[in-house]
Amino acid sequence: MSTMTSEQIMSQAEKLCLQRGVRLTSQRAEVLRLMAEQRGSISAYDLLDQLRINEPQAKPPTVYRALDFLLEQGFIHRVESNNSYVMCHHFEAPAHTSVMLVCDRCAAVIEKHAEGVENIIGLLASEARFALRHSVIEAHGLCENCVEVEACNRHGSCEHDHETETKKRGKRS
Ligand SMILES: [Zn+2]
Ligand SMILES: [Zn+2]
Ligand SMILES: [Zn+2]
């Protein structure tokens, strides 16, 4: 997994927008910067709350328009199954199919490239004479950190955040 810093993400996005002749307005850039600072996925409304810290007049359409632009440019992905958005960490590779591993406990999203999966979907689509435009593959579960927290039975004497629990509770001793 690549670990681009938010500065690297911003400068790369600026470069690509320049090459493509599209405008990264200050509002679009601000939304992208907020996205780049997220550890996991974020909903449009949480994004709006964060945007309002610096731009108190921001309204939902402000965020949605900026998100649409960023999606179009492939800088971010939509996580369909929990209706949120996540930074793409290799947006220099256009039109890639990724598998999104979505943590149900902390909403972290790990994006993995999926060339093999892409071929299979392409094959299935052509068998069905289906003109494929866009595909999303999402898998749900627990991230590495949450697996550890869920397995922990020393509540109180550990440093985990046990406040956030998954809907399906694991067994405790
Ligand atoms: Zn991506
Ligand atoms: Zn997690
Ligand atoms: Zn613990």
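## Contacts and overall layout

Two residues are taken to be in contact if their C-beta atoms, placed from the backbone, lie within 7 Å. In this predicted model, residues 24 or more positions apart account for 51% of the contacts in the protein chain with a separation of 6 or more.

The protein chain contains 6 helices and 5 strands, and their order along the sequence is α-α-α-α-β-β-β-β-α-β-α. Its C-alpha trace spans about 60 × 50 × 25 Å along the principal axes, and of its 173 residues, 22% count as buried.

## The largest nonpolar core

As a general background, nonpolar side chains tend to be buried together in soluble globular proteins. In this model the largest nonpolar core has 31 residues, of which Val31, Met35, Val63, Leu70, Ile76 and Tyr85 touch the most other members. At least two residues of this core come from each of α1 (6-20), α2 (26-36), α3, α4 (60-72), β1 (76-79), β2 (84-87), β3 (98-103) and α6 (144-151), with α4 giving the most, namely 5 residues.

Met35, one of the residues that touch the most other core members, is in contact with Ile76, Tyr85 and Met87 once its neighbours within four places in sequence are left aside.

Helix α3 covers residues 44-54, and its buried residues are Leu47, Gln50 and Leu51. Seen down the axis of α3, these buried residues fall within an arc of 100°, so they line one face of the helix. The partners against which the buried residues of α3 pack are α2 and α4, whereas on the other side of the helix Tyr45, Asp49 and Ile53 are exposed.

## Leu51 in its surroundings

Leu51, which has its place in helix α3, counts as buried because it has 22 C-beta neighbours inside 10 Å, where the cut-off for a buried residue is 20 or more. Leaving aside its neighbours within four places in sequence, Leu51 is in contact with Glu30, Val31, Leu34, Ala58 and Val63; among them, Val31 and Val63 also belong to the group that touches the most other members of the largest nonpolar core.

For Glu30, the separation from Leu51 can be given both along the chain and in space: the two residues are 21 residues apart in sequence, while their C-alpha to C-alpha distance is 7.6 Å.

How values were computed: Residues numbered from 1 in each chain as written. Chains lettered and ligands numbered in written order. Predicted model: local features only at pLDDT ≥ 70, side-chain atom pairs only at ≥ 80, totals over all residues. Helix = DSSP H or I, 4+ residues; strand = E, 2+ residues; numbered from the N terminus. Buried ≥ 20, exposed ≤ 12 C-beta atoms within 10 Å, placed from the backbone. Core = buried A, V, L, I, M, F, W, Y, C linked by C-beta atoms within 7 Å. Arc of directions from axis to C-beta.
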